Amino acid sequence: MDENVKENPVDIEIRDPSKRNFLKAMSVVAVAAAVGGVGRGLVQNIIPKDVGITGFPSLTLVNSASGQPVSTSDIKVNDPSVVLFEYPLQGEPNFLLRMGDSSNRDVEVKSVNVSVPSSGKKFQSPGGVGPYKSVVAASAICEHLGCVPPMIHFYKPGSSIPGTSYSGASNKGFVHCNCHGSTYDPLNGFGILSGPTQKPLPNIVLNYDSTSDTYKAVSMVGPTIYGQTDDLKGNSPLSSDTQTQVSNSGTPK
Amino acid sequence: MTEKNDPVFVKMMNDPQPIPRRVPDYMRKKGGIWYWTGALVTIAFLYEALTGLVILFYYQPANAYGSTTNFLNSTPFGSVILTTHLYGAYAMIVLLYAHLLRNLFVGAFKKPRMTQWFTGILLLLLTIGVGFFGYSMSGDVLSADATDVGRGIAQGAPLIGGYIERIFFGDGTALSLFQRMLGWHIVLTALIGVLFMVHFIIAEFNTIMPKITKKEFKAPLIDHEKPDYKPWYPYNILYMVELTFFMFFMILLIPSVLTLISNVPALFSPLPQVSPSSPLASIVPPYPPWFLLFVYKAMDFNMVSVIGTFWGTVLFGGAPLIYLLLLPILDRGSSLKLVERPLTVSLGIVGLIYMMGLSIWGALTPGVIIPDWEVLLFFLIPAVVVFLLVYSVTGWIKRGRLKHPHPERIFINFTFLGLSSFGLGMLLSAFLTSRAMMYEIPLVLLAMAASISFISLFIILNEKPEIVEEESPRMMRSRYYVAYSGGFAMSSVAIIYVISGIPDNSLTNGALYGIGLAILFLIAGAIVKIYRRTQFGE
């Protein structure tokens, strides 16, 4: 700018750096507020809400065909067919087993300490319930790579399990997965008999009401269900919050 | 080097120009907004793309209505995003028409901007297509009606109708329908993005259409970049930021306020209507989106029921489109003066009256069949009146019997006068036949609009040429701008404090949050404006 030209007072004001900086700071505050407001809405919007429930529900096991509660006589000892119920959420099937010896007499399932090789920890299995303490339940999703029935199912005592040495007296009634050969022992908290799995099946804690001869699923112990980080999240809640249906899809070939 | 007659694409490739070009100061002054109608459309488009991408995380074609209402009611701030996505689209369409009409009347389609005009018309088509699919995706009763009408039109195309219907609407299952609509909504949007870049680069290549002065009323009108033009950064970019803030303010404010008001008419409701399977669906009038109401009303004409809806659409939707495409050939003279282009002016005004008239007609009498003689009167009367008026006025001006500094104001006034008188006549006849309360308020409003346009016509006709004075930049005293900007910034801190406490659990709270956000953008825009005025003298 020419030194001799008398400057307009307005021009001087424009170049006053402190005033310019003040305006800049005010714009930053206002823009930050707007961006912050948008940011809160956006962040809260794009984080999906958790699907699931907050606590284990207490669900009466009912027969899917009759709608009546399942009684002890409805559950057959050493039934080789696939008997399942969903718990605690939709799409999470569980075996319902009544354990017996080779001559189909009820066997009491004791509560034991089950070790989890993947974590090195142990958990206390719930043990059998019912008049003979022989009814147990566990997740039917293999803890190795998530195979579901009929690939994984119960082999009754004495039957031979393909691809393993379990047959005759060495098979006391095991759950075996035909995908990759993992075998679980229902008599000992669905602990691992043979790999490749590194985790036992998650056990369902059942309650037996002797006056009405009914069963309830009340909670779970052991590892989390395969593919989930939390047993209570990641799937939609069941349609009923008082019962879950037990269905029999027949004996796998 | 390029030859003078090479197509614009050849010139662009072989003789590239700097982008973006520097622009003259008057484009950022008061009234300069008319140079930025395209920028406003682009800002609305960006808003749509951003909010649309968020909605994409949640939209389920297998559960269209369910996922829409779920997003609206149960997803945090879903209602703000969904309602403003709708109104951002409305803003984009309204501004697109403003952009189109402005360029039609100032003659911006003339040499050298013909290619620009054609790509613009294609962009209009694409935008209406995206709007149609987007509107139909919610799965509510209005979207089901709109889809049915769209399918019927597509099916009616000779020979390939079935294929067109299946390409756009799927195999007939609901899942396939919504999957296709989602796909087309995004594919056409991507095409808009690509074609917009072409449109924009051609526009930059051809330079802005400069302010028309008395001596240069002739095409080709090119802006010769003068050395005193200020650079883009920071002058123009800050202006763009200001426009963006003000646009976001409008887009956030209107649907949020409408959400708080109950009983907003279905046409302008920011919320989806009931599901088509609901028993309440029968009381919702079968409206298409408002920007297609004019074609929709034409489907009610008796003659269209004879020729079929496909040919009806070709006639009533295609004719204006073909006219717009042919405009650079029809109005090929080099004059940019309105008085020397009475045909373009008359057709522009008549077209606008037809479109708005048909839309109002469609809103008042959805689905009522109109006999041919009424249709004939509707098309004949405005055409005769407008052509007579425009040709008389231009004749008077040419022969010197009427001297007027702004003849375009007379023509704009004709449009409003014609429109309000047309609406008044229609409502009056409806009122006399049924005397319903619902007609009274629009009747009074339209009567007011008609009388205002009538009075302003006389005011305009008596306008004298004004003496243009060189505007000196209005400066704000420093203590005022310190006080203003400080006060504004403090209130935005207060607002962000208040709205960050708003929970995300209901439509009402979402709407309040939206209003808060709108005010934050308004304040940010205002501070940028103060900054530009005090620091740049703009």
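For the first entry I take a polar contact to be a pair of N or O atoms within 3.5 Å, where, within protein, one atom must be able to donate a hydrogen and the other to accept it. I keep in mind throughout that this is a predicted model.

**Entry on A:Asn94**

I looked up the side chain of A:Asn94 and found that one of its polar atoms lies 3.0 Å from the backbone oxygen of A:Tyr87, while the side chain also reaches the backbone nitrogen of A:Ser139 at 3.4 Å. I placed A:Asn94 in strand β3 of chain A, which covers residues 93-98. Is A:Asn94 buried or exposed? I noted 0% relative accessibility for A:Asn94, and because buried means under 20%, A:Asn94 counts as buried. Leaving aside residues up to four places away in sequence, I listed what A:Asn94 touches, including A:Val83, A:Leu84, A:Phe85 and A:Glu86, as well as A:Ala138, A:Ala140 and A:Ile204. A:Tyr87 and A:Ser139 are also among the residues touched.

**Entry on aromatic pairs**

I then turned to the rings, for which the count over all chains comes to 34 aromatic pairs. B:Phe133 and B:Phe168 form a stacked pair, with 6.0 Å centre to centre and 20° between the planes. I noted that B:Phe133 lies in helix α5 (residues 114-136) and B:Phe168 in helix α7 (residues 161-169) of chain B, so this pair ties together parts that are 35 residues apart in sequence. B:Phe133 counts as buried at 5% relative accessibility, whereas B:Phe168, at 28%, counts as partly exposed.

I next looked at B:Phe245 and B:Phe521, a tilted pair with 5.8 Å centre to centre and 45° between the planes. The pair links distant parts of the chain, with B:Phe245 in helix α9 and B:Phe521 in helix α19 of chain B, 276 residues apart. I recorded both B:Phe245 and B:Phe521 as buried.

I also checked B:Tyr35, and found B:Arg102 over the face of its ring, at 5.3 Å from the ring centre.

**Entry on α14 and α15 of chain B**

I followed a cluster in which ring pairs link B:Phe301, B:Phe316, B:Tyr354, B:Trp361, B:Phe378 and B:Phe379. Where α14(B) meets α15(B), I found B:Tyr354 and B:Trp361 among the residues of α14(B), and B:Phe378 and B:Phe379 among those of α15(B). At what angle do the axes of helix α14 and helix α15 of chain B cross? I noted a crossing at roughly 150°, with the axes coming within 9 Å, and I recorded the crossing as right-handed.

Note on methods: Residues are numbered from 1 along each chain as its sequence is written. Chains are lettered from A and ligands numbered from 1 in the order in which they are written. This is a predicted model: local features need pLDDT of at least 70, side-chain atom pairs count only at pLDDT 80 or more; totals for chains, interfaces and linings use all residues. Side-chain values use heavy atoms; hydrogens and water are left out. Helices (H or I, at least four residues) and strands (E, at least two) are DSSP runs, numbered from the N terminus. Buried means under 20% relative accessible area, exposed over 50%, partly exposed in between (1.4 Å probe, protein chains only). Contact means heavy atoms within 4.5 Å. Rings of Phe, Tyr and Trp (its six-membered ring) pair if their centres lie within 6.5 Å; planes under 30 degrees apart count as stacked, over 60 as edge-to-face and the rest as tilted. A charge sits over a ring if NZ of Lys or CZ of Arg is within 6 Å of the ring centre and within 35 degrees of the ring normal. Axes are lines fitted to C-alpha atoms, for helices over the stretch in contact, and angles run from 0 to 180 degrees between N-to-C directions. A crossing is left-handed if the near helix is turned anticlockwise from the far one by less than a right angle, and right-handed if clockwise.
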